[in-house]
Amino acid sequence: MPELPEVEGVVESLRPFVIDQTIEEVEVSKQLLVSHEAGKAAIIKGCSPEELIRELPGYRITALTRKSKYMYFALQRKNEEALLVGHLGMTGAWFPVETEEAIQEDKFRKHIHVKLRLSGGYWLIYSDIRRFGELRLLQQEADYPPLLQMAPEPFTEEGRQHYLSMSEIAKYRNKPVKGFIMDGHVLSGCGNIYATEALFRMKIHPNRKVARISKSRLNALYDTIVDVLNEGIARGGSSISDYRNVNGGAGSMQHFLQMYGKKMCSTCLTETKQLIIAGRTSTYCPKCQR
DNA sequence: AGTTAGTCCCGGGAGC
DNA sequence: TGCTCCCGGGACTAA
């Protein structure tokens, strides 16, 4: 599943294909049109597919950036500015291709939902097997308030201070640390895979309450999360199930994970255990993590 | 008013 | 082969 490192990889790889390209035409899959007709907000959020098809053409993509796990396509049309915000959800993927047939895997070719024809002569295709991703056309970021509620980027000093100050707030003090670091209002971009790895490296039990971790350990945990995220970026992300980069390829970080999805602890060979924390499966070593 | 549980977007993989 | 169940990022809503 795409977390910060995977989204970073997509944004960096996609950027040369989309910058200064004008969106000429938009196509939406029959399945999405049917879902929306049935009143469901599948993938396209905040407006109808018809509005997206009508509104997007003519906009030039001037920038593509990542904020937390979101992708921001900055758009400009004459003196008019807009923002297309994307989220990959569980199984979203972008492919810049000349034809659909260039997408190798059946499961992604079968679930193409939005196609943008760019002035460069190719298609920017959004495919999403489970349709948990989202596309949202805004005039500006503030038009969708949750975007303003996200924690600062983890690679900044501001991000660290925000995380530390949140650890002192009553509503978080009694929470399991795993849920704390996966909460996007506390720390941006750390999902289940990277949270699991960081806690294992720090030998911290995922269910340990935030208040029962010292300030210096919380600081060290933050450093470890940043390290794990950076390793993920350097290795092209983790392709556990359905993450693919813009070339349809897999990342390699999954080969370097020590705890996520493991049956046995790589350090002491003890059988791992699982807990549900904040609604997510949390794998840990009962002997190494306290 | 703050917290928690449920709901919703889904298809695929596991297990029987 | 085919059925059923479970999984999950994140926002929203009901309790």
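Domain bounds, as used here, come from an automatic or database domain assignment. On this basis chain A is divided into domain 1 (4-148) and domain 2 (157-284). The structure is a predicted model, in which local features need pLDDT of at least 70 and side-chain atom pairs count only at pLDDT 80 or more, while totals for chains, interfaces and linings use all residues. Residues are numbered from 1 along each chain as its sequence is written, chains are lettered from A, and side-chain values use heavy atoms, with hydrogens and water left out.

The centres of domain 1 and domain 2, taken over C-alpha atoms, lie 28 Å apart. Domain 1 gives 19 residues to the contact and domain 2 gives 17 residues, where contact means heavy atoms within 4.5 Å. The size of an interface is often given as the accessible area lost when the parts come together. Here buried area is the accessible area (1.4 Å probe) that two parts lose on being put together, summed over both. Between domain 1 and domain 2 about 1500 Å² is buried, 62% of it on carbon and sulfur atoms. Of the area that domain 1 buries against domain 2, 34% is supplied by Leu4, Pro5 and Glu6, more than by any other three residues.

Seven residue pairs (both at pLDDT 80 or more) are in polar contact between domain 1 and domain 2. A polar contact is a pair of N or O atoms within 3.5 Å; within protein, one must be able to donate a hydrogen and the other to accept it, and residues adjacent in sequence count only if both atoms are side-chain atoms. On the side of domain 1 that touches domain 2, two or more residues each come from helix H1 (4-18), strand E6 (92-97) and helix H4 (106-109). Helices (H or I, at least four residues) and strands (E, at least two) are DSSP runs, numbered from the N terminus. H1 provides the largest share of this side, seven residues.

Side chains of opposite charge can pair when their charged atoms come close. A salt bridge is a side-chain nitrogen of Lys or Arg within 4 Å of a carboxyl oxygen of Asp or Glu. Two salt bridges are counted between domain 1 and domain 2. Aspartate 242 and lysine 107 form a salt bridge through their side chains (2.8 Å, N to O). The count by this rule comes to 19 salt bridges. Another salt bridge joins the side chains of glutamate 8 and arginine 66 (2.6 Å, N to O). Glutamate 8 belongs to helix H1 and arginine 66 to strand E3 (residues 60-67), so the pair ties together parts that are 58 residues apart in sequence.
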